[in-house]
Amino acid sequence: QVQLVESGGGLVQAGGSLRLSCAASGRTVSTYAMGWFRQAPGKEREFVVTINWTGRTIYYADSVKGRFTISRDYAKNTVYLQMNSLKPEDTAVYYCAAGSFSHRKEDFGAWGQGTQVIVSS
């Protein structure tokens, strides 16, 4: 069983940056694809980005392409999401997930508790 814990969220002004971390424990996630999803108040949880187990294939949602960067550190069993040029519409709870390389939340079996990101205008 893998446990995921996100951190790094907070309040930032539009145009600013944040780096989210997702630390895995319980077992290694090195053979899993990892993903980030987000959920704004009153909205469905939506796909942000996914990275395959090798780290060589990455798929971003159009809304974050060119602004967000996902990376993984196998030694630390951790995945990162670098978020630059943040916009108010990026405000959401961000969730880390482990599973299959996909943009569908149904394909991820392990989820963190989420970390809040608020972008002020």
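What follows is a talk in questions and answers, from the whole chain down to single residues.

Modeller: Two notes come before the questions. This is a predicted model, where local features need pLDDT of at least 70, side-chain atom pairs count only at pLDDT 80 or more, and totals for chains, interfaces and linings use all residues. Residues are numbered from 1 along each chain as its sequence is written, and side-chain values use heavy atoms, with hydrogens and water left out.

Biologist: How many helices and strands are in the protein chain?

Modeller: Zero helices and eleven strands. Both are DSSP runs, numbered from the N terminus: helices are H or I with at least four residues, strands are E with at least two. From the N terminus on, the elements read β-β-β-β-β-β-β-β-β-β-β.

Biologist: What makes the protein chain as compact as a globular protein of that length?

Modeller: Set the value against the rule. The radius of gyration is taken over C-alpha atoms, and the globule rule is 2.2 Å times the number of residues to the power 0.38. For 121 residues the rule gives 14 Å; the chain has 13 Å, which is close, so it is as compact as a globular protein of that length. Its C-alpha atoms fill a box of roughly 40 × 25 × 25 Å along the principal axes.

Biologist: What share of the residues counts as buried?

Modeller: 45% of the 121 residues. Buried means under 20% relative accessible area, exposed over 50%, and partly exposed in between (1.4 Å probe, protein chains only). The chain exposes about 6,200 Å², and carbon and sulfur atoms supply 49% of that area. Accessible areas come from the Shrake-Rupley method with a 1.4 Å probe.

Biologist: Why are C22 and C96 called a disulfide?

Modeller: A disulfide is a pair of cysteine sulfur atoms within 2.5 Å. The sulfur atoms of C22 and C96 are 2.0 Å apart, and the two form a disulfide. The structure holds one.

Biologist: Which parts does the pair tie together?

Modeller: C22 lies in strand β3 and C96 in strand β9, so the pair ties together parts that are 74 residues apart in sequence.

Biologist: Do C22 and C96 count as buried or exposed?

Modeller: C22 has 1% relative accessibility, so it counts as buried. C96 has 0%, so it counts as buried too.

Biologist: How do you know which strands pair with β3?

Modeller: Two strands pair if DSSP finds at least two bridges between them. Five bridges join β1 (residues 3-7) to β3, and the two run antiparallel. Here L4 has A24 in β3 as its bridge partner. β3 and β8 pair over six bridges, also antiparallel. L18 stands opposite M83 in β8.

Biologist: Which strands pair with β9?

Modeller: β4 pairs with β9 over seven antiparallel bridges. M34 stands opposite A98 in β9. β10 is joined to β9 by three antiparallel bridges, and the partner of A98 in β10 is A110. β11 pairs with β9 in the antiparallel sense over three bridges; A92 has V117 in β11 as its partner.

Biologist: What makes β9 mostly covered?

Modeller: Eight of its eight residues are buried.

Biologist: Which residues touch the most other members of the largest nonpolar core?

Modeller: L4, M34, W36, F68, L81, M83 and Y94, in a core of 34 residues. β9 gives the most to this core, with five residues. A nonpolar core is a set of buried Ala, Val, Leu, Ile, Met, Phe, Trp, Tyr and Cys residues joined through side-chain atoms within 4.5 Å.

Biologist: Why is A24 called buried?

Modeller: Its relative accessible area is 12%, so A24 is buried. A24 lies in strand β3. Contact means heavy atoms within 4.5 Å. Not counting residues up to four places away in sequence, A24 touches V2, Q3, L4, V29 and N77.

Biologist: And why does S21 count as buried?

Modeller: S21 has 16% relative accessibility, so S21 counts as buried. S21 lies in strand β3. Beyond residues up to four places away in sequence, S21 touches residues including V5, W36 and Y80.
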